[in-house]
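Please read the following note with the model open beside it. The points are numbered so that each can be checked in turn.

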Amino acid sequence: MTNPYRSPESTDAPSDDPNSRRPRRRTVVKAAAATAVLAAPLAAAIPARAAETPAFQHGVASGDPLPDGILLWTRVTPTAEAVPGSGLGPDTEVGWVVARDKAFTAVVAKGSVTATAASDHTVKADVRGLAPATDYWFRFSAGGTDSPAARTRTAPAADATVTNLRFGVVSCANWEAGYFSSYRHLAARGDLDAWLHLGDYIYEYGTGEYGTRDTVVRQHAPTHEILTLADYRIRHGKYKTDPDLQALHAVAPVVAIWDDHEFANDAWSGGAENHTEGAEGAWSARQAAAKQAYFEWMPVRPALAGTTYRRLRFGKLADLSLLDLRSFRSQQAAVGNGSVDDPDRTITGRAQLDWLKAGLKSSDTTWRLVGNSVMISPFAIGSLSADLLRPLAELLGLPKEGLAVNTDQWDGYTDDRRELLAHLRSNAIRNTVFLTGDIHMAWANDVPVDAGTYPLSASAATEFVVTSVSSDNLDDILKVPEGTVTALAAPVIQVANRHVHWVDTDRHGYGVLDVTADRAQMDYYVLSDKTKANATSSWARSYRTRTGTQKVERTYTPV
């Protein structure tokens, strides 16, 4: 077993007075000062009825599948007081076992690792020597207690001819805004090779401070805005008690990247919109705490210390380049000053952009998938009425008087986008599909080389954007019936953005991406009511890109 916090080479790693705070974007209520004592949030971070200790109260998970291996994760609670973020509890030996069957009669690998307070009693096992494209079962044990058993799956062999791949795709899950029914419905499918989480796995705000349609459906912990390592650990721990999230982690490996809310809203390399330097401590300390908690609590291999950019391969059919668009980016441009085109500003950082370009060029797979936390397609707001423009601006973090650029997306870093798209065109790199979250809306887009002349200009790639699991979108902000805003806004958005084939501004849900040699298809599913724990799911639309076309088209049945 390798060091679970160090990435192995086979992951294709790259080489190299709160009262005075300005108003926050995407925030419904002003933030309260983070003065709550630690004891109450610690108690709230675990279920009310604690199991006998040691216990596995936060489920089990797997992630980052390789042809010969998988990363396993859990957290053990060795004693009643050793709750997330407490720094309490003894060192505890945690065993793990992997088998070909749920009864664990055909064991193929086993070992142990020590859970300590230094890692918040989280553990990882980077298991190797497994067979490619194979289902396995795993569980952990400590002090005579077994964790739940869970299923995982390895990736196909690098040179394997793969008929199809199927991934769940999600982003933006705000605990206080609703239930995570999307996770439950994905878990029930039983047909996923893996699932992609494209960012905002947790949210950093204090209770009631971030879009909930003015109703906190269920309170997270701690109740104050998270700033310290203990805070971030408690918040991750609270999320990991969700039964729907635990269910999805227990049936398929996750491939995750972070966006801003794992840190703070509109984070960049040197700060964040939702961070007041000094009053909330140093950004460098907050960022380091957020990253440490993330890597403790997520089954993710950091390819380069402190980042989430890395690449996974799924046979000859697809590779998946995963981006970190927060650690290296320049500060978001001030609106209206033209700096979005400044070549010295970056969203990726030089090393990551070079790594992405090289990987796309050298790829010998049929499809090049890119896990991308913010929308790369250009977006002009168009001639929206004031009553629609204001809430859209609030959701995107734009001035409410209107502006045709969202500077937190690739629109705010046009030189990086221009360089990347020119690279795709000049090297005739086909079948590049960006898979995106963040924006709390569903989109199906061509990615034009020149949006101003499209469709006369070429499309260099395609993009499927999934809506939020629960975070507020436009109908929530306006407090109008679902579908009202889409009916009014979508036609105007599409007129101003001819590369946008579809946009749904209102509904919550998830995507299922199915990939074959002939096409990559995204099926969009929506929930009946995010505020109901038993929300149902229904298919909404499907779009695909056929091989060689670099364009999106509608298809009328899900896979």
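1. Burial is used throughout this note: a residue is buried under 20% relative accessible area, exposed over 50%, and partly exposed in between, with a 1.4 Å probe and protein chains only. Aspartate 438, at 5% relative accessibility, counts as buried. Its place is in the loop between β17 (432-436) and β18, where helices (H or I, at least four residues) and strands (E, at least two) are DSSP runs numbered from the N terminus. The phi of aspartate 438 is near 80°, a positive value in a residue other than glycine.

2. On the basis of the note: this is a predicted model, in which local features need pLDDT of at least 70 and side-chain atom pairs count only at pLDDT 80 or more, while totals for chains, interfaces and linings use all residues. Residues are numbered from 1 along each chain as its sequence is written, and side-chain values use heavy atoms, with hydrogens and water left out.

3. On confidence: pLDDT is the predictor's confidence in each residue, from 0 to 100. The protein averages a pLDDT of 89, and 86% of the residues score at least 70. Over residues 1-43 the pLDDT stays under 50, and the model has 101 contacts beyond four places in sequence for them; contact means heavy atoms within 4.5 Å. Residues 399-404 also have a pLDDT below 50, with 15 contacts in the model beyond near neighbours in sequence. Where pLDDT is low, the predicted coordinates should not be read in detail.

4. On the nonpolar cores: such a core is a set of buried Ala, Val, Leu, Ile, Met, Phe, Trp, Tyr and Cys residues joined through side-chain atoms within 4.5 Å. The largest has 40 residues, and Tyr183 and Trp195 have the most contacts inside it. At least two residues of this core come from each of α2 (181-189), α3 (229-239), α4 (243-249), β11 (254-256), α5 (283-297) and β21 (509-516). The largest share, 6 residues, is from α5. Beyond four places in sequence, tyrosine 183 is in contact with residues including Val170, Trp195, Asp244 and Val469.

5. Histidine 236 is found in α3, a helix that is mostly covered, with 10 of its 11 residues buried. Not counting residues up to four places away in sequence, histidine 236 touches Ile202, Ala293, Tyr294, Trp297 and Met298.

6. On glutamine 287: this residue lies in helix α5. Its relative accessibility is 15%, so glutamine 287 counts as buried. Setting aside residues up to four places away in sequence, glutamine 287 touches Phe263, Trp268 and Ser269.

7. On the second largest cavity: on a 1 Å grid over the protein atoms alone, a cavity is a set of points where a 1.4 Å probe fits but cannot get out, and lining residues have an atom within 4 Å of a point. About 50 Å³ of space lies in this cavity. Among its lining residues are Trp502, Asp504, Arg507 and Tyr524. Strands β20 (500-504) and β22 (519-527) are the elements that give two or more residues to the lining, and β22 gives the most, with 3 residues.

8. On threonine 555: this residue lies in strand β24 (residues 553-555) and is buried, with a relative accessible area of 11%. Threonine 555 and threonine 545 are 10 residues apart in sequence and 9.7 Å apart in space, C-alpha to C-alpha. Leaving aside neighbours within four places in sequence, threonine 555 is in contact with Gln521, Trp539, Ser542, Tyr543 and Arg544.

9. On backbone geometry: most residues other than glycine have a negative phi, and most peptide bonds are trans. Histidine 121 has a positive phi, near 60°, and lies in the loop between β4 (107-115) and β5 (122-127). The peptide bond from alanine 221 to proline 222 is cis, with omega near -10°. A cis peptide bond also joins tyrosine 454 and proline 455, with omega about 15°. Proline 455 lies in the loop between β18 (442-448) and β19 (459-465).

Notes. 1 Å grid on protein atoms, 1.4 Å probe; cavity = no way out; pocket = protein on both sides within 12 Å on 5 of 7 lines; lining within 4 Å. Points joined across faces, edges and corners; volume = space filled by probe spheres on them.
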